[in-house]
Amino acid sequence: MSDETNKGLLSPLRRKLLMGMAAVPAITMLPRTSFAQAPATSAVNTTGLAVTDTEVTVGILHSATGTMAISETGSIEAEKLAIEQINAAGGVLGRKIKFIQEDGASDWPTFAEKAKKLLVNDKVAAIMGCWTSASRKAVLPVVEQYNGMLYYPTFYEGLEQSKNVIYTGQEATQQILAGLNWIAKEKGAKTFFFIGSDYIWPRTSNKIARKHVENVLKGKVVGEEYYPLGNTQFNSVINKIKLTKPDVIFTDVVGGSNVAFYKQLKAAGIDLAKQALLTISVTEDEIDGIGGENIAGAYACMKYFQSLDNPNNKAFVPAFKKMWGEKTVIGDVTQAAYLGPWLWKLTVEKAGSFDVDKIAAASPGVEFKGAPEGYVRIHENHHLWSKTRVGRAKLDGQFELIYETADLVEPDPFPKGYQ
Amino acid sequence: MFGDYSLGDLGSIFVMQGFAGLILFSVYVLMALGLAIIFGQMGVINMAHGEFMILGAYVTWMTSNLFQTYMPGLFGGYFFLAMILAFLASGALGMLVEWVLIRHLYKRPLDTLLATWGLSLMLQQAYRSVFGAREVGVELPQWMLGSLQVTSSIEVPINGVFVMCLTVLITIAVAYVMYKSRWGRQVRAVVQNRIMAGAVGINTEKVDRYTFGLGCGIAGVAGSAFTMIGSTGPTSGQLYIVDTFLVVVFGGAASLVGTIASAFSISQTQSTLEFFMSGSMAKVLTLLAVVGILMLRPQGLFALKVRK
């Protein structure tokens with residue numbers, strides 16, 4: 001599919017590049033009769049992006065191959081669905097969205113290179129992409145240098161803010177604090193045991209969680225353990241959990257390790273119906289691999305569950321399944337990825353322009369009322385105001401909503417007192 | 001760190017921790033056995049070992065789906081059939097790979113590293129195309145879940161016991177085949193001196209193919225067993241490959257006893273250290289110890305004396 005889009009797009013683009021800025025007035029004189037209501041290209045695109053009278057091109061940049069394909073497939077699917085729906089509803093400023101999909105191949109330098117290709121060669125108006133923090137960190141200098149716009153879907157550790165990025169997932173404090181408050185109140189939890197994979201996101205998240213437990217909840221962290229990515233043996237740490245008997249196990253283990261951890265927890269006789277476990281790294285996607293019977297009873301804390309009962313989500317889930325198959329599940333990040341194209345469309349319409357600078361300036365305050373998670377709004381710091389929710393895993397691999405914050409939680413990527 | 005706990009609690013934890021070490025030991029032996037045959041006996045550096053394991057895991061997953069759909073009554077016993085199918089599937093693929101690829105590289109052992117690494121990438125992408133990029137969940141029969149309550153505070157995971165029994169059985173079988181059977185004698189003869197073995201009438205090509213197939217087949221069984229404790233996805237094989245090589249190299253390449261001894265020492269060191277410090281630190285210290293010992297004894301713990 002990407003090849004076709006490439007071919008269709010490159011030739012007019014190259015021609016346009018050759019003609020340079022002098023050609024812009026000429027383009028506006030091309031027939032525009034079919035899109036009479038659409039504003040002139042010269043008016044909405046002053047920086048030479050891939051915008052024609054009928055089309056605008058965006059990039060999708062995720063790993064379709066390699067380790068991360070497990071997680072990123074859902075994001076690609078969600079973004080394609082959003083683009084299709086936007087086109088069906090008339091496109092953006094009267095222009096249909098075309099996308100060029102590039103494969104980051106789970107390799108961070110490749111992400112940077114493909115981002116550069118999308119921005120420099122293809123002149124895409126925005127990039128929907130990246131998943132791991134490592135890939136985002138690789139792409140960030142590129143989108144800043146070439147002044148692109150990146151819509152990043154994953155919940156992440158925070159400590160970042162850029163004019164050129166909109167973070168559609170939650171940053172760490174937004175995701176974690178409400179969940180900890182809830183479990184401390186609901187379960188009277190005083191002692192916590194942290195287990196994470198050994199890299200930046202779990203370490204930063206646990207640091208925030210530890211400060212919150214110790215300073216705000218006046219509880220105690222009885223253990224904090226990290227295992228290398230891909231570790232498959234958790235029996236030792238499970239024994240430590242048995243010894244310390246924490247009120248809550250708080251986990252941010254990721255990837256294949258996740259599956260091993262819950263299977264071994266179950267095998268070791270720890271019953272999640274009795275032992276409270278709060279995870280910030282397991283979505284419906286992960287449960288597919290873990291198996292519902294191994295994780296039923298665990299609590300997850302994030303902003304979206306497939307089972308959410310609201311009109312937007314009731315339209316979104318069937319549309320997603322219709323496009324990608326009855327068996328697919330939708331996790332938190334998949335939903336956040338779906339927001340990307342929509343937020344971009346709304347921002348472009350608010351700014352009345354495809355220019356990146358105007359979009360960046362217009363982003364704060366943009367509201368999306370049709371979000372499957374419910375109403376969201378972009379904050380000054382380019383993160384989203386969103387609710388935090390706690391769900392309990394069921395045998396069938398879905399979450400049952402247990403708690404949600406009454407109001408939208410303010411994103412705070414540089415939390416004071418938590419660093 | 002132990003001040004607050006009663007003696008009874010501590011006793012139970014130490015028993016369970018000892019058991020955790022034994023499970024880790026079994027897992028290491030099981031994943032290393034196939035490679036010990038391929039790398040140890042044939043000198044082929046098989047980087048695709050993990051992918052052969054995952055083939056076994058996918059076969060198990062398919063078998064489980066088949067049983068659920070067509071014979072739900074027999075679901076409790078599907079795992080045994082799945083392991084046999086996993087052995088056959090991985091073994092068959094192994095023999096095919098040997099015929100297409102490996103047999104041209106026996107004189108260039110370092111090139112097998114590159115060739116099999118490429119193979120592992122191809123297999124990963126093939127799994128991704130066939131089974132999808134997402135991990136699959138292998139459902140286990142009810143009796144294999146949960147734990148055995150030994151005393152009121154000591155619990156032993158059933159799947160751990162299962163892996164241990166399986167490891168013992170397969171180790172005995174491999175030892176018998178390699179050291180007691182006529183075919184094993186041929187394999188060892190080929191390893192020690194390929195030309196002479198050929199000269200006395202051993203069909204070395206056939207021996208090679210079956211040896212490679214056996215190694216891959218055992219990898220398949222290991223992969224099948226690991227669906228109980230780990231994940232099944234296109235790249236899950238990568239989780240095992242480093243540890244597998246570590247065990248085989250540390251044990252001394254051509255020695256079965258060495259593999260077992262090395263699996264035992266690595267697993268016990270790791271599980272003891274894991275208990276007293278964080279998992280990442282335990283891994284670092286274990287690896288440091290292994291590197292240190294290998295510097296003093298490059299041939300590994302046990303080395304077979306072979307005329308070069």
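Predicted model: local features only at pLDDT ≥ 70, side-chain atom pairs only at ≥ 80, totals over all residues.
Reader: How many helices and strands does chain B have?
Author: Going along the sequence, chain B reads α-α-α-α-β-β-α-α-α-α-α-α-α. Tally up its secondary structure and you get eleven helices and two strands.

Reader: Why can chain B be called as compact as a globular protein of its length?
Author: Its C-alpha trace spans about 70 × 55 × 35 Å along the principal axes. For 308 residues the globule rule gives 19 Å, and chain B comes close to that, so it is as compact as a globular protein of that length, with a radius of gyration of 20 Å.

Reader: What share of the residues in chain B is buried?
Author: A residue counts as buried when 20 or more other C-beta atoms lie within 10 Å of its own. Of the 308 residues in chain B, the buried share is 50%.

Reader: At what angle do α10 and α11 of chain B pack?
Author: These are residues 256-276 and 279-296 of chain B, and their axes are 8 Å apart. The contact involves B:Ile266 and B:Leu273 of α10(B) and B:Leu285 and B:Val290 of α11(B), among others. By class, its residues are six nonpolar, four polar and two charged. The crossing is right-handed, and the packing angle is about 145°.

Reader: Which class supplies 15 residues to the side of chain A that touches chain B?
Author: Here 35 residues of chain A are in contact with 41 residues of chain B. Elements of chain A supplying at least two residues each include α4 (69-88) and β7 (220-227). Twelve residues on that side of chain A are nonpolar and eight are charged, while the class with 15 is polar.

Technical notes:
Residues numbered from 1 in each chain as written. Chains lettered and ligands numbered in written order. Contact = placed C-beta atoms within 7 Å. Helix = DSSP H or I, 4+ residues; strand = E, 2+ residues; numbered from the N terminus. Nonpolar A, V, L, I, M, F, W, Y, C, P; charged D, E, K, R; others polar. Rg over C-alpha atoms; globule rule 2.2 N^0.38 Å. Buried ≥ 20, exposed ≤ 12 C-beta atoms within 10 Å, placed from the backbone. Axes fitted to C-alpha atoms, helices over the stretch in contact; angles between N-to-C directions. Left-handed = near helix turned anticlockwise from the far one by under 90°.
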